[in-house]
Amino acid sequence: MTEATLYGLCSAALVGVGLFGLIMHPQPLRKILAFNLIGGGVFLLFGAVARRGAAAGLGGDPVPQALVITGLVVAFAATALAVALLLRLFQETGRATLGSDG
Amino acid sequence: MAFDIGLALLVLGVGAWTVAARDTFAAVVGFVAYGLLLALLWVRLAAPDVALTEAALGSGLTGGLLVSASTRLRRAETRAVDERQPASLRLAAAVLCTLVSAGVAAIVLLLPEPAPTLAPQAMVNMAATGLGNPVTAVLMAYRAIDTLLETVVLLLALVGIWSLAPDRVWGGVPGPRHQAEPDGLLTFIAQLLVPVGILVGIHIFWVGSVAPGGEFQGATILAAMWILAMMAGLVDAPAVNRRWLRLMLVAGPAVFLTIGLTGFAVAGSFLAYPEPHAKLLILMIEIPVTLSIAATLALLVAGPPERAPGR
Amino acid sequence: MSAALNGLTILAVCAGAFFFLAGTVGLLRFPDTLSRLHALTKADNLGLGLVVLGLLFQAEGLLAALKLISVWLLALLAGATVTQLIAHTARPSGPQA
């Protein structure tokens, strides 16, 4: 088993763990955390694919790596927006959950 | 190989702990550790540019954002009763997640052999761009339109955050006022670290054309230095209706788009660079884009306006 | 010559790893915040310092060695600051409380 396959399987497990956290936690901040966990797993899958594409003297295929860098920046922007929405919800209603009447 | 297995298990363990932790602050700390371990993983996958981005942005800035959010939401935490989900939901969720994991694992194991790759084509055309770092060449030359749209997406997220301001502080100053104690520790550290950090950020941006690094990593460090200066009270956050701030934010994408449109006239298609001037054009794009992204990232962390503007 | 350098690197990095282990054990076992911070600074100063010392033997050139040392100094600076800030939050009235 090459290291790329190992990290690919690790990314599959991370996606599963993150999905479990996303479904199970009622608090939105924990859901945001779990979503970032899933994101890390998906980027790792890209990284494994890039590692398998090592050729022409490079350690990895640069195109998936550049896609991951773009993805990381956009994921950060999405997290910032989600956190701002959550804090505004807390300011307006005093509760930080999306559940029905607490 | 043993090191890789250990590292993969460690990342899984920290990820599982982040999901399973009871206290939200503990989960956020676990997430920051998860991000740093992922950066190690990226080095093992021969992707140092991605490792730098993950450590700075995925772990550093996101961690700072989530820590401040979790402390603000702590009051809501104590009020929320421990809402345990019924066991049947847990079982169903566990089955679903196992199925999804198995699906992704099957994809990984069924990837085509030999692996298709664009690395030879990337290396062959790199001399035309004048760059030495293939990832930067992909970001700024082969897939420059992705980078252009990415800068616009960052701006849209910032506009979304600014639109969350209540009416009475519309266009105002983000975040609370941090007072700088003249003999305080945070003030001392900020005065010492911010100049060094700015140098390191510019260096990492500059060296990204020939070595691992680049504009996103450098911009993240510059943004972190601005955030540090704001938190220590050395500078106050600018009001979001200031014209110079808005010009600085828009300058990067605007220059990028302008050079892209002139590509029609000069080299035949959108974002095409005429070959002798490719390196110069890329540099002319990168400098304003780095400044704009640094400002955007810092303001994304600062959040929506909370104080009324001065004038 | 390079075998001797490799041996020194392994020795220094193992010693640094030992201090990291000691700091982690202190973090987990000590009773309150201030003593845990005390244990963590050992990991930062001695642990990281020994690891950097070991890596200095493998550095190629003066610039790489200076970069390694500046990494250690920056980590020291950040660690000392954060330790003081956490300690001040944990016990705001100063050492006599």
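A:Ala34 counts as buried because it has 24 C-beta neighbours inside 10 Å; a residue is buried if 20 or more other C-beta atoms, placed from the backbone, lie within 10 Å of its own, exposed if 12 or fewer, and partly exposed in between. The model is predicted, so that local features need pLDDT of at least 70 and side-chain atom pairs count only at pLDDT 80 or more, while totals for chains, interfaces and linings use all residues. Residues are numbered from 1 along each chain as its sequence is written, and chains are lettered from A and ligands numbered from 1 in the order in which they are written.

A:Ala34 lies in helix H2 of chain A (helices are DSSP runs of H or I with at least four residues, strands are runs of E with at least two, and both are numbered from the N terminus). Apart from neighbours within four places in sequence, A:Ala34 is in contact with A:Gly18, A:Gly21, A:Leu22, A:His25 and B:Val19, contact being a C-beta to C-beta distance within 7 Å, with C-beta atoms placed from the backbone. A:Leu19 is 15 residues from A:Ala34 in sequence, and their C-alpha atoms are 6.8 Å apart.

Two pairs of chains are in contact, and chains A and B share the most contacts. In this pair, 71 residues of chain A are in contact with 78 residues of chain B. On the chain A side, two or more residues come from each of helix H1 (3–24), helix H2 (28–52) and helix H3 (62–93). H3(A) gives the most, with 23 residues. This side divides into 47 nonpolar, 17 polar and seven charged residues, where Ala, Val, Leu, Ile, Met, Phe, Trp, Tyr, Cys and Pro count as nonpolar, Asp, Glu, Lys and Arg as charged, and the others, Gly among them, as polar.

B:Ala298 is in contact with B:Ala223, B:Trp226 and B:Ile227, leaving aside neighbours within four places in sequence.

Chain C has three helices and zero strands. Of its 97 residues, 9% count as buried. The C-alpha atoms of chain C fill a box of roughly 55 × 25 × 15 Å along the principal axes. Four residues of chain C are in contact with four residues of chain B; the chain C side has two nonpolar, two polar and no charged residues. Chains A and C do not touch, and their nearest C-alpha atoms are 21 Å apart.
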